[in-house]
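Dear colleague,

I am handing over the structure that I promised you, and I would be glad if you could look at it before reading my notes on what was found in it.

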Amino acid sequence: MTLALPDLLHPRLLADADATAAQLASAYPVPGVALAPDVLAAPALAAVCRAAGTHQDVRPYCVYSRPEEPGRVRAEFRTPEPTDIVRSRHQRPHGNLPALDRIGEELAAPRALEAFRRVSGLPLRRVKSASLAYWGPGSFTTPHNDYAGGANRLVMVISLTDGWHAADGGMTKYWDPAAGGWFGYRPRRNSAVLLRPAQDARHWVEPVARTAPERRRVTWTLVFE
């Protein structure tokens, strides 16, 4: 069943569209990065969180290269070997999540895509991919840019995290060239970081603490071309 736009996207996202686009185009607080405090409307958020929270088949996922082939990057369901050069380690659902897929299709439809164009100020053509990730103890990424040779125009990371504490770790940090340091956003359910990938930009997920709950930090990432 098709959701009405007010049941799909949070009214605050649309009301703040011009301000969010202006922030994304500015250098504050970090060039090419903006925060949207509320993204999904309550019905859509409930469906996404329910799908993410009840899916049982969740497996280790790894982005890595092997010492003998350092230039070949692999991404697959796999627990890394001690000799692997690991770029990202987390968990992903194995198999389909129909409820999540339905919301993803709604977000890729023309009316939602037009809303995302307003929010980002970018000429987005389509949703290229959507991926759900669980950041349990020991999860992390190394610094990267999601640039993909310029193919990725916008990356939107929607937080499904509830009850995050600083001691849990796993904060995403963004490089601020003006300050010469890293800037991070506190994960909060239904907020999203909008990222305009650039070749010279960097961000990373700091390691999640070994004492953190197994499935507390969860993200749903939409990549737009």
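**Pockets, a sheet and a helix pair**

The largest pocket has a volume of about 920 Å³. A pocket here is an open set of points on a 1 Å grid over the protein atoms alone, where a 1.4 Å probe fits, with protein on both sides within 12 Å along at least five of seven lines, and lining residues have an atom within 4 Å of a point; the volume is the space filled by probe spheres set on the points, which are joined across faces, edges and corners. Please keep in mind that this is a predicted model, in which local features need pLDDT of at least 70 and side-chain atom pairs count only at pLDDT 80 or more, while totals for chains, interfaces and linings use all residues. Residues are numbered from 1 along each chain as its sequence is written, and side-chain values use heavy atoms, with hydrogens and water left out.

Of the 40 residues that line the largest pocket, Trp 135, His 144, Asp 146, His 203 and Thr 221 are the closest to its centre. Strand S5 (127–135) gives the most to this lining, with five residues; strands are DSSP runs of E with at least two residues, helices are runs of H or I with at least four, and both are numbered from the N terminus. By class, the lining has 19 nonpolar, 15 polar and six charged residues, where Ala, Val, Leu, Ile, Met, Phe, Trp, Tyr, Cys and Pro count as nonpolar, Asp, Glu, Lys and Arg as charged, and the others, Gly among them, as polar.

The second largest pocket holds about 290 Å³ of space, and among its 17 lining residues Leu 100, Asp 101, Ala 130, Ser 131 and Leu 132 lie nearest its centre. Helix H5 gives the most to that lining, with five residues.

Turning to the sheet, three strands form an open one in the order S9-S8-S11, with antiparallel pairing, and two strands count as paired if DSSP finds at least two bridges between them. S9 (181–184) and S11 (203–205) stand at the edges with a single partner strand each, so one side of each is left without a neighbour in the sheet. Four bridges link S8 and S9, and three join S8 to S11, where Lys 173 has Trp 204 as its bridge partner.

With kind regards
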